[in-house]
Amino acid sequence: MGGRPALFSRIEQAPNLTGGLIETLVAQIECGQLAPGQRLPTEQAIVAATGVSRTVVREALASLRARGLITTRQGLGAFVADHTTRRSFTIDGADNTLADTLSVLELRMSIEVEAAGLAAGRRSAADLADIRRHFEVVSAAKGDAGAGADEDFAYHRAILAATQNAYFTRVFDVFGSHIIPRQRVRLEGMPDAELAAYKERLRREHLAILQAIEAADPAAARQAAHDHLARSRAYFSTRLEAGQ
C-alpha cells in the first residue's frame, strides 16, 4: 500500500479541495476506472490518502450522491451507481461571482431562517453545546480573507441539525461550503480594517443567533438568522453595484 493511490493523484493541483476531490472521482467514474457497483474507499481512507478534512470528503461524497453518481448502503459504505444519472443539482465553485453569491444567499434565507426558529424550539442540550462549540471555532478562525469558510459552514450546519429534521442537514451537505460567501467570493484585496470589521460583524450576528437559540426563542432566532443573511446580501449587493 506504499504509494498514494492513483485515484487521488490530481487533488493537490486543484484550487478548491472539495472541487478537486469531486472532479477526480467524477473523472474516475466517467472513464471506467471506478466501475458501476464498485465500492469507494472509506471516508477515513480518503482523508488519509489526500490530507483533506473529513468535512471536505463528506461534502464531495454528498455532491456525487446528489448527482446520482454514487449510492450509499447502510453499514457498507459508498458505491458507484449501477446507472449513473444526474438526478439533482449541486452548488459548486464554477460560478464564483457576486451575482451568483446573491442568489445563493436568497436560497439560504429561505432555508435557514425557518431552521433557526425550529432549532430554538427543539434543540437538545447536546445540540446547544455543539452550536456553541462551532461558534467558538468560527469566531477564532484566522488567516487570509477566505479563511473560516469550513468553520462557518459547520456552525450553520449545527443549527440545522438542531431542528431534529434530517432533511435540513442533507440539503446543506449537498451544497457544501460553497454556500458560504467567503468561500464563493474571495475577499483578497480588502483593506485590513474593512476585513476586520466584516469578520467582527459576522461574529456578532452568529452570536445573536446562538443567544436566541439558547433562550429557546423561535421568533428571535428567525429574526437573527434573517438579519445575518440579509446583511450579508446587502454587503455583497453593494460590492456588485460598485463593480468590485
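The contact (heavy atoms within 4.5 Å) is made by Arg-108, Ile-111, Glu-112, Ala-115, Ala-116 and Ala-119 on the H4 side, and by His-156, Ile-159 and Leu-160 on the H6 side.

A word on what you are looking at. This is a predicted model, in which local features need pLDDT of at least 70 and side-chain atom pairs count only at pLDDT 80 or more, while totals for chains, interfaces and linings use all residues. Residues are numbered from 1 along each chain as its sequence is written, and side-chain values use heavy atoms, with hydrogens and water left out.

Now step back to the whole chain. The protein chain has 10 helices and two strands; helices (H or I, at least four residues) and strands (E, at least two) are DSSP runs, numbered from the N terminus. Along the sequence, the pattern reads α-α-α-β-β-α-α-α-α-α-α-α. Of the 244 residues, 47% are buried, meaning under 20% relative accessible area, with exposed over 50% and partly exposed in between (1.4 Å probe, protein chains only).

Next, follow the rings. The structure holds five aromatic pairs: rings of Phe, Tyr and Trp (its six-membered ring) pair if their centres lie within 6.5 Å, and planes under 30 degrees apart count as stacked, over 60 as edge-to-face and the rest as tilted. One of them joins Phe-153 and Phe-172, stacked at 5.3 Å centre to centre with 15 degrees between the planes. Phe-153 sits in helix H6 (residues 149–161) and Phe-172 in helix H7 (residues 166–175), 19 residues apart. Phe-153 counts as buried because its relative accessibility is 3%, and Phe-172 is buried at 1%.

Another pair is Tyr-198 with Tyr-235: the ring centres are 5.2 Å apart and the planes stand at 35 degrees, so this pair is tilted. Tyr-198 lies in helix H9 (residues 192–214) and Tyr-235 in helix H10 (residues 218–241), so the pair ties together parts 37 residues apart in sequence. Both tyrosines, Tyr-198 and Tyr-235, are buried, and together with Phe-236 they form one aromatic cluster.
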